[in-house]
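Me: Could you walk me through this structure with some questions and answers? I am new to reading protein models.

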Amino acid sequence: MFGWIEICLLSAAASLFLFRALPYLRSYRPLFGGGGLLLLITAVFPRTGNPLGQFLFGTTGDGLRLPREMFGIVWWILGAWLFKGLFDLVLRRTFFPDNDEPHARRLFADLASGLIYLLAFVGIVGTVFKEPVSTLVATSGVLAIVLGLALQNILGDVLAGLAINVERPFGAGDWITLADQVSGQVMQVNWRATRIRTRSHDLVVIPNSAVSKGVVTNHSRPAGPHRCVVRLSVDLAVAPSRVVEALNAAAALSPHVSRGTIPQSYACAFTDSLVNYELAFAIDSFALTPGAKSEMIQRIADGFRVLDIRIGAPAMDVRIIPRDAR
């Protein structure tokens, strides 16, 4: 006669198998199937008041005498797999709900998987094979120290990668610039390094520890228009108000200027006989900067040519007078 524990376990297993058959829970079928199988294995383990488990494992009288160690190993491995799947589901629904870069989630999931299966291995040794766990823990501690000293640089990169994915100062698709002038679009942040694709379509791999220690400028956050600046110098003889008006007229017709924004131009400094000017305008994305600057410079050059405004210092004629021969 089954006890109340076995009845509850079998009922829960049947419920999970029923949920697995529902079409609108299709994405959760592996979890429901694994959970139901784990509860079913738990229910048939031999214990007092469980005639099915006693018959399968032959603990009393005649029985099949199945190897109990095999069921124990399957129970621990299946439980670890199920817990890993649940943890991955929690990451999807909480920390990474709108995640379009699976590498960050996979980093945490892989670390958790290693820890979970390590605990399952310790459980198998201690409960299935009845071996002392303290000796295994002490040996693994010494081994961990040796590996930590040998792989300290790699471990530093891994911990830095964890910090980057927790704080998330940037993500895949963002345009960033590091302190050493490396600029490009983030492609991936994995265990050891951050991969950046530059404008020249080169792939730059930077260790996570170097990224975490450097100054990073994220050009994609906060979301919104990006400020673009064009600088030039004009002869002091040209009225600054005329130059500013010409710059505003050139920028007003540019298709790269973000809607709802107004370009601004102003005189900012003197340099000898020149006046330095800046034209600031907003573009929709940092990735459009080279094309937007090029198009704006062309408009400025064409407009200044029509207005007869020369950029830079005027050309100087130098006459060389030879010495009279004596």
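Predicted model: local features only at pLDDT ≥ 70, side-chain atom pairs only at ≥ 80, totals over all residues.

Me: How many helices and strands does the protein chain have?
Reply: Helices (H or I, at least four residues) and strands (E, at least two) are DSSP runs, numbered from the N terminus. Counted this way, the protein chain has ten helices and eight strands.

Me: What share of the protein chain is buried?
Reply: Buried means under 20% relative accessible area, exposed means over 50%, and partly exposed lies in between (1.4 Å probe, protein chains only). Of the 326 residues in the protein chain, the buried share is 34%.

Me: How many bridges join β3 and β4?
Reply: β3 and β4 form a hairpin with five residues between them, and His201 in the turn has a positive phi of about 65°. Thr194 stands opposite Ile206 in β4, while Arg197 stands opposite Leu203. The antiparallel pairing of β3 and β4 runs over five bridges.

Me: Which residue in β3 is the bridge partner of Val189?
Reply: Strand β2 (residues 183–189) pairs with β3 in the antiparallel sense over four bridges. These two strands form a hairpin with three residues between them. The bridge partner of Val189 in β3 is Thr194.

Me: Is Thr198 buried or exposed?
Reply: Thr198 sits in the loop between β3 (193–197) and β4 (203–207). Counting contact as heavy atoms within 4.5 Å, Thr198 touches Ser183, Gly184 and Val204, leaving aside residues up to four places away in sequence. Its relative accessible area is 15%, so Thr198 is buried.

Me: What distance does the polar contact between the side chains of Thr198 and Ser200 have?
Reply: A polar contact is a pair of N or O atoms within 3.5 Å; within protein, one must be able to donate a hydrogen and the other to accept it, and residues adjacent in sequence count only if both atoms are side-chain atoms. For the side chains of Thr198 and Ser200, the distance is 3.0 Å.

Me: How far apart are the end C-alpha atoms of helix α2?
Reply: The expected span of a helix is 1.5 Å times one less than its number of residues. Helix α2 (residues 29–44) has 16 residues, so α2 should span 22 Å. In agreement with this, its end C-alpha atoms are apart by 23 Å.

Me: How many disulfides does a search of the whole structure find?
Reply: A disulfide is a pair of cysteine sulfur atoms within 2.5 Å. Cys8 is partly exposed at 46% relative accessibility, whereas Cys228 is buried at 2%. The number of disulfides found in the whole structure is zero.

Me: What separates the C-alpha atoms of Ala246 and Gly303?
Reply: Ala246 lies in helix α9 (residues 240–252) and is buried, with a relative accessible area of 9%. Ala246 and Gly303 are 57 residues apart along the chain. Their C-alpha atoms are separated by 6.9 Å.

Definitions and conventions. Residues numbered from 1 in each chain as written. Heavy atoms only, no water. Pairing = 2+ DSSP bridges.
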